[in-house]
Amino acid sequence: MAQVHFRGATKRYGAVLAVDRLELAVADGELLVLLGPSGCGKTTVLRMVAGLEEVDEGTIVIGDDVVNDVAPKDRDLAMVFQSYALYPHLTVAKNIEFPLRQRRIEGEDRRRRVAEAAASLGLTELLGRKPAQLSGGQRQRVALARAIVRDPKAFLMDEPLSNLDAALRVQTRADIVALQQRLGTTTLYVTHDQVEAMTMGHRIAVLRDGVLQQVAPPQELYDRPANTFVARFLGSPGMNLVPASVTEPASVTEPAPGGVPAPGAAPVPVGPPGDRVDLALAGGRLALGGEAALLARKASSLVVGVRPEHLAIDPAGALGARVVIVELLGAEVQVVCALDDGTQVVVRQGADRPRPAAGELVRLAVDSGALHLFDAESGVRLAVGP
Ligand SMILES: Nc1ncnc2c1ncn2[C@@H]1O[C@H](COP(=O)(O)OP(=O)(O)O)[C@@H](O)[C@H]1O
Ligand SMILES: [Mg+2]
């Protein structure tokens with residue numbers, strides 16, 4: 001077991017900057033998920049750790065050693081691929097024992113280790129079969145058994161569940177988590193699937209175009225995304241994002257000190273200047289107070305983020321919208337709405353709530369404590385969320 005440390009690790013393919021100055025430390029025993037869309041550089045990161053790609057700049061440290069110039073076979077890592085990469089002409093037993101043969105581990109020791117690895121993945125009955133005689137799920141379990149049959153410094157897993165059907169994916173996901181927990185082996189796990197990342201990772205590192213966006217435990221990533229990209233990528237669907245501008249509060253008034261204002265008297269704003277602001281967005285207004293108001297003043301133009309579960313259809317809501325489509329998902333309903341400026345947002349509500357019809361005009365209430373504020377220009381987070 002070992003920590004894996006990237007220090008400014010960079011990889012170019014010609015003009016393509018696949019991984020850009022990656023700074024990341026995977027702790028000893030941690031299961032860290034690398035998450036991002038296709039082409040963002042996830043596989044390249046794994047291949048750099050494995051030694052299958054040269055590092056153009058920066059260093060990669062495994063344990064206490066800089067491994068940039070260490071041959072792949074000497075890095076003591078076990079890799080699991082989407083494609084399983086089993087030897088078709090070898091039995092399950094021979095596939096699993098392959099890494100032990102390479103290391104000249106023989107006799108009773110080898111036999112025992114293969115039996116243990118096979119048993120821990122429910123493969124004992126299948127040891128005599130060839131890969132062609134196995135289902136996809138069984139093949140991937142053989143690949144996992146081959147990874148755990150020795151005690152490598154780290155596991156590198158590249159979308160190992162992608163070829164499995166939905167039910168098997170959920171099962172195998174749980175198996176990998178349990179296995180990793182039992183063995184305590186440092187694991188770098190790559191996926192483009194945010195649900196997989198949320199359910200498996202101790203922490204998640206989000207990549208976009210080769211650039212690390214944020215590293216955090218799953219809940220923190222969901223609750224405090226560092227920018228609009230992470231906000232949208234996490235959650236299904238992701239966070240609603242609506243452009244907004246900051247204005248002085250227009251409608252918030254309070255009786256003048258000393259009693260009821262005389263008819264026709266000018267409204268008196270609440271609190272000291274800067275204490276409150278309004279956000280103008282999509283033809284409506286949202287009142288902000290406290291820290292959010294102070295932060296909103298820092299940016300000339302904003303993007304307001306709100307998760308689907310923090311929007312509600314409510315006649316008293318601040319925003320006007322037209323229902324585009326209503327999607328029933330069993331226990332929940334997703335209502336896709338177009339705001340008055342055309343921006344589409346998704347409202348998530350329980351299936352027991354009254355359901356609007358497509359085309360209906362509704363009002364949307366925003367849980368103002370659950371707002372996320374981002375700078376419109378950079379997309380970077382401005383304010384605290386829920
Ligand atoms: N061998 C290669 N030659 C040229 N470009 C490559 C090669 N491998 C990957 N790339 C490019 O590098 C970027 C990152 O690819 P990759 O690491 O495979 O992303 P991911 O695994 O996240 O889908 C992509 O733009 C991809 O096209
Ligand atoms: Mg890949």
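## A strand pair to start with

In E9, Leu34 finds its bridge partner in Ala205. Strand E3 (residues 31-35) and strand E9 (residues 203-208) run parallel, and four bridges join them. Helices (H or I, at least four residues) and strands (E, at least two) are DSSP runs, numbered from the N terminus, and two strands pair if DSSP finds at least two bridges between them.

This is a predicted model, where local features need pLDDT of at least 70, side-chain atom pairs count only at pLDDT 80 or more, and totals for chains, interfaces and linings use all residues. Residues are numbered from 1 along each chain as its sequence is written, while chains are lettered from A and ligands numbered from 1 in the order in which they are written.

## The sheet

Six strands make up an open sheet, in the order E6-E7-E8-E3-E9-E10, with mixed pairing. Strand E6 (77-81) and strand E10 (211-216) are its edges, each pairing on one side only.

## Around ligand 1

The shell around ligand 1 includes Tyr13, Val16, Lys42 and Thr43; a residue is near a molecule if its C-beta atom, placed from the backbone, lies within 6 Å of it. Strand E2 (16-26) and helix H1 (42-50) each give two or more residues, and H1 gives the most, with three.

## Domains and confidence

The domain assignment, automatic or from a database, gives domain 1 (4-227) and domain 2 (240-252 + 270-375). Their centres, taken over C-alpha atoms, are 40 Å apart.

As for pLDDT (the predictor's confidence in each residue, from 0 to 100), the chain averages 90, and 92% of the residues score at least 70.
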